[in-house]
2 protein chains.
Amino acid sequence: METQEPADGPTDSIGPWAARAADPQYRAAVLDLLGALAYGELSAFERLAEDAKFAPGIEEKAALARMASAEFQHYQLLHDRLAEVGADPVAVMEPFVEPLENFHRMTAPADWLEGLVKAYVGDAIATDFYREVAVRLDDDTRDLVLRVMSDTGHAGFAVERVRQAIAEDPRVGGRLALWGRRLMGEALSQAQRVVAERDALSNLLVGGAQVRGFDLVEVGKMFNRITETHTKRMAALGLAS
Amino acid sequence: METQEPADGPTDSIGPWAARAADPQYRAAVLDLLGALAYGELSAFERLAEDAKFAPGIEEKAALARMASAEFQHYQLLHDRLAEVGADPVAVMEPFVEPLENFHRMTAPADWLEGLVKAYVGDAIATDFYREVAVRLDDDTRDLVLRVMSDTGHAGFAVERVRQAIAEDPRVGGRLALWGRRLMGEALSQAQRVVAERDALSNLLVGGAQVRGFDLVEVGKMFNRITETHTKRMAALGLAS
């Protein structure tokens with residue numbers, strides 16, 4: 001398992017969970033993070049499984065089901081960790097239900113190709129986010145986040161199918177490029193709402209456990225890095241973003 | 001893992017797959033069986049995941065997602081076995097797509113409790129069927145079928161929830177009893193259609209590899225045993241079947 005880090009991220013350990021969790025603000029931030037990730041995985045399971053209805057054949061249906069099952073395994077790991085540290089998993093996830101359901105409601109795919117692009121882009125954005133956040137965490141939480149991250153990448157099959165569809169009908173590319181922009185836009189919109197409402201989590205995301213002040217500029221930079229990676233990824237897919 | 005057998009089933013081994021598969025009729029029957037089971041698991045995944053939309057809370061949604069993921073793991077095992085013995089998994093599953101989709105279309109739950117009863121009854125009927133058929137198989141296929149079967153039983157949580165709902169409002173029991181009858185009726189109806197169309201599979205189901213003649217009476221007896229078990233199960237759930 002590769003533990004890649006953003007170019008400008010800190011590299012040194014901030015110690016084990018047991019030592020850090022004594023700080024109530026740090027504990028609150030990590031619970032928020034795990035809660036957001038956990039419900040993110042559960043809602044990803046649900047939507048991937050639903051989008052499987054567009055699959056043109058059995059193998060394609062199974063490919064989405066495979067991704068959905070992997071998301072559920074991640075949910076279970078994150079859920080169990082919340083219980084292990086004495087939190088109520090459901091209560092911790094609750095604040096993130098609405099933003100995540102909003103995201104999925106606003107980005108319900110209209111067909112198989114939109115579903116594929118969403119599966120691929122969603123998987124990739126999640127990995128980028130895990131990578132950004134992992135370096136700011138205590139050792140135990142980071143190990144969990146990296147373990148969950150290392151198991152993504154089931155969406156590779158989507159790339160081939162999308163490229164093939166664009167090769168067959170270049171107009172498809174224009175439509176899917178628009179769709180990719182909409183996915184990223186809605187993701188940022190819901191993420192910004194979460195950031196505005198969850199101070200402890202925001203502090204963790206932008207500055208690590210040491211930073212106390214809320215810094216919108218740092219949050220903006222993180223979102224920019226994720227957006228840049230998204231742009232490159234869409235280009236690799238044959239889509240202008 | 002307990003390898004329970006129906007009271008009147010044969011108990012001795014018919015040998016390994018390698019020895020039996022030389023008989024084209026036996027091979028065709030086992031491919032049919034694995035194809036039916038595989039697509040059954042994939043469609044169960046899809047419907048359980050879809051029915052999760054009725055879940056009243058996060059824990060309940062996760063419980064259905066857990067069952068759905070287990071069904072997908074079973075699909076993968078059965079799919080991989082088909083590929084291993086040189087079959088085209090998609091082609092082998094194809095004849096069972098329509099009966100299984102028909103079953104699910106005719107039994108789409110209207111609410112959370114109907115979804116729970118369907119999850120529980122579906123899981124249980126599948127286990128009964130695996131148990132009936134396992135004793136008629138070569139050692140390798142039987143081991144696979146028993147492995148898939150031993151991993152069911154995720155539906156236990158449904159029993160408690162359904163009982164609780166009936167205790168709170170006894171009228172719910174009448175409605176769900178009707179629903180349980182409809183589930184069993186549709187399952188038998190689709191199964192009988194498959195039996196009528198797939199001679200090799202039917203022969204395997206009723207008499208083991210030795211029997212050649214199609215025997216509707218034996219098929220009927222097997223369905224009766226499964227129906228009797230279903231009846232007892234519904235009673236245990238607090239439902240008259």
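By what turn and what shift along the axis can chain B be laid on chain A? A turn of 180 degrees and a shift of 0.0 Å along the axis place chain B on chain A with an RMSD of 0.0 Å.

## Model and conventions

This is a predicted model, in which local features need pLDDT of at least 70 and side-chain atom pairs count only at pLDDT 80 or more, while totals for chains, interfaces and linings use all residues. Residues are numbered from 1 along each chain as its sequence is written, chains are lettered from A and ligands numbered from 1 in the order in which they are written, and side-chain values use heavy atoms, with hydrogens and water left out.

Contact here means heavy atoms within 4.5 Å.

## Fold of chain A

Chain A contains ten helices and zero strands, giving the pattern α-α-α-α-α-α-α-α-α-α along the sequence. Helices (H or I, at least four residues) and strands (E, at least two) are DSSP runs numbered from the N terminus.

Chain A has 241 residues, of which 56% count as buried. Buried means under 20% relative accessible area, exposed means over 50%, and partly exposed lies in between (1.4 Å probe, protein chains only). Among the contacts in chain A with a separation of 6 or more, 81% come from residues 24 or more positions apart. The chain exposes about 10200 Å², with carbon and sulfur atoms supplying 54% of it; accessible areas come from the Shrake-Rupley method with a 1.4 Å probe, and for residues only the protein chains shown count as cover.

## Interface between the chains

The contact takes 24 residues from chain B and 24 residues from chain A. Between them the chains bury about 2000 Å², 67% of it on carbon and sulfur atoms. This buried area is the accessible area (1.4 Å probe) that two parts lose on being put together, summed over both. Six residue pairs are in polar contact across the interface, both residues at pLDDT 80 or more. On the side of chain B that touches chain A, the elements giving two or more residues are α2 (24–51), α3 and α4 (89–106) of chain B. Of these, α3(B) gives the most, with 13 residues. A polar contact is a pair of N or O atoms within 3.5 Å; within protein, one must be able to donate a hydrogen and the other to accept it, and residues adjacent in sequence count only if both atoms are side-chain atoms.

There are two salt bridges between chain B and chain A. A:K61 forms a salt bridge with B:E46, with the closest N and O atoms 2.9 Å apart. A salt bridge is a side-chain nitrogen of Lys or Arg within 4 Å of a carboxyl oxygen of Asp or Glu.

A:H79 lies in helix α3 (residues 58–84) of chain A and counts as buried at 11% relative accessibility. Leaving aside neighbours within four places in sequence, A:H79 is in contact with A:P89, A:M93 and B:E59.

## Helix α7 of chain B

The buried residues of helix α7 (residues 156–168) of chain B are B:F157, B:A158, B:V159, B:V162, B:A165 and B:I166. Their cover includes α3 (58–84), α5 (112–134) and α8 (171–197) of chain B.

B:R161 and B:E60 meet through their side chains in a salt bridge (2.8 Å, N to O). This pair links distant parts of the chain, since B:R161 is in helix α7 and B:E60 in helix α3 of chain B, 101 residues apart. B:R161 counts as partly exposed at 29% relative accessibility, whereas B:E60 counts as buried at 15%.

## Other salt bridges

The whole structure holds 28 salt bridges over all chains. One of them joins the side chains of A:E50 and A:K53 (3.3 Å, N to O); A:E50 is partly exposed at 36% relative accessibility, and A:K53 is partly exposed at 47%.

A:R142 forms a salt bridge with A:D139, the closest N and O atoms being 3.4 Å apart. These two residues are three apart in helix α6 (residues 139–150) of chain A, and are therefore separated by about one helical turn. A:D139 is partly exposed, with a relative accessible area of 22%. A:E98, A:R193 and A:E197 are linked in a network of salt bridges.

Notes:
Copies are superposed by least squares on the C-alpha atoms of residues with pLDDT of at least 70 in both.
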